[in-house]
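Here is a short briefing for a reader meeting this structure for the first time. Please keep the sequence and the model in view while reading.

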Amino acid sequence: MEVQITNHAHQRFKERGYSKSHQKIQNAFDKAWSCGKTIEDFKDHNQKKYLKNVRDAHSSEGVRFIRVMGNRIYLFGDDCVGITVIGIDSKYFGKRAKWREAKEDEEEDRIPAGYFWGRTPVYC
């Protein structure tokens, strides 16, 4: 199903530096509608609460549905109309990725304790 995109959504997509091509914007909204995650797909309570607040804050603009795809939140109205797109707040969605990156960096920096004695490495 092809999503109808408002002029506002086109403008916001371009302003936020995602793409300027009408076809790419159309493809992004179509893919978000068909493959994006809904609020119910998230397990974390804080993420659900954040997404519900985003939806409710934009309800006066006609927003009824939210889809999350990549690092963007796509807001849709009735009859599959793309209203706008916003970036995800990393406060709610970036913790796990940052923690994984920090853990990987720590593992690279550690020196094996057994290195100096010619033994099998044992990490401290």
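This is a predicted model: local features need pLDDT of at least 70, side-chain atom pairs count only at pLDDT 80 or more; totals for chains, interfaces and linings use all residues.

The chain holds five helices and four strands. Along the sequence they follow the pattern β-α-α-α-β-β-β-α-α.

**The chain as a whole**

- The chain has 124 residues, and 33% of them count as buried.
- Take the contacts between residues at least 6 apart in sequence: 46% of these join residues at least 24 apart.
- A search of the whole structure for disulfides finds zero.
- Cys-35 counts as exposed, because its relative accessibility is 51% and the cut-off for exposed is over 50%.

**The sheet**

- In general, strands of a sheet pair through backbone hydrogen bonds, and the pairing is either parallel or antiparallel.
- Strand 2 and strand 3 run antiparallel and are joined by five bridges. In this part of the sheet, Phe-65 stands opposite Phe-76 of strand 3.
- Strand 2 and strand 3 also form a hairpin, with two residues between them. Gly-70 lies in the turn and has a positive phi of about 65°.
- Strand 3 (residues 72-77) pairs with strand 4 (residues 81-87) in the antiparallel sense, over six bridges. Arg-72 has Gly-87 of strand 4 as its bridge partner.

**Helices against the sheet**

**Helix 1 against helix 2**

- How do the axes of helix 1 and helix 2 (residues 22-35) cross, and at what angle? They come within 11 Å and cross at roughly 105°.
- An angle of 65 to 115 degrees counts as roughly perpendicular, so helix 1 and helix 2 are roughly perpendicular to each other.
- Helix 1 brings Ala-9, His-10, Phe-13 and Lys-14 to the contact. Helix 2 brings His-22, Ile-25, Ala-28 and Phe-29.
- By type, the residues of this contact divide into five nonpolar, two polar and one charged.

**His-10, in helix 1**

- His-10 sits in helix 1. Is His-10 buried or exposed? His-10 counts as buried, because its relative accessibility is 13% and the cut-off is under 20%.
- Residues up to four places away in sequence aside, His-10 touches Ile-5, His-22 and Ile-25.

**Gln-47, in helix 3**

- Gln-47 belongs to helix 3. Gln-47 is buried, with a relative accessible area of 9%.
- What does Gln-47 contact, leaving aside its neighbours within four places in sequence? Its contacts are Phe-42, Tyr-92 and Phe-93.
- Gln-47 and Phe-93 are 46 residues apart in sequence. In space, they are 7.1 Å apart, C-alpha to C-alpha.

**The loop between strand 3 and strand 4**

- Asp-79 is found in the loop between strand 3 and strand 4. Cys-80 is also in the loop between strand 3 and strand 4.
- Asp-79 has a phi near 60°, a positive value in a residue other than glycine. Phi of Cys-80 is likewise positive, near 60°, and Cys-80 too is a residue other than glycine.
- Asp-79 counts as exposed, because its relative accessibility is 70%. Cys-80, in contrast, is buried, with a relative accessible area of 5%.

Note on methods. Residues are numbered from 1 along each chain as its sequence is written. Side-chain values use heavy atoms; hydrogens and water are left out. Two strands pair if DSSP finds at least two bridges between them. Buried means under 20% relative accessible area, exposed over 50%, partly exposed in between (1.4 Å probe, protein chains only). Axes are lines fitted to C-alpha atoms, for helices over the stretch in contact, and angles run from 0 to 180 degrees between N-to-C directions. Angles under 35 degrees count as roughly parallel, over 145 as roughly antiparallel, 65 to 115 as roughly perpendicular and the rest as oblique. Contact means heavy atoms within 4.5 Å. Ala, Val, Leu, Ile, Met, Phe, Trp, Tyr, Cys and Pro count as nonpolar, Asp, Glu, Lys and Arg as charged, and the others, Gly among them, as polar. A disulfide is a pair of cysteine sulfur atoms within 2.5 Å.
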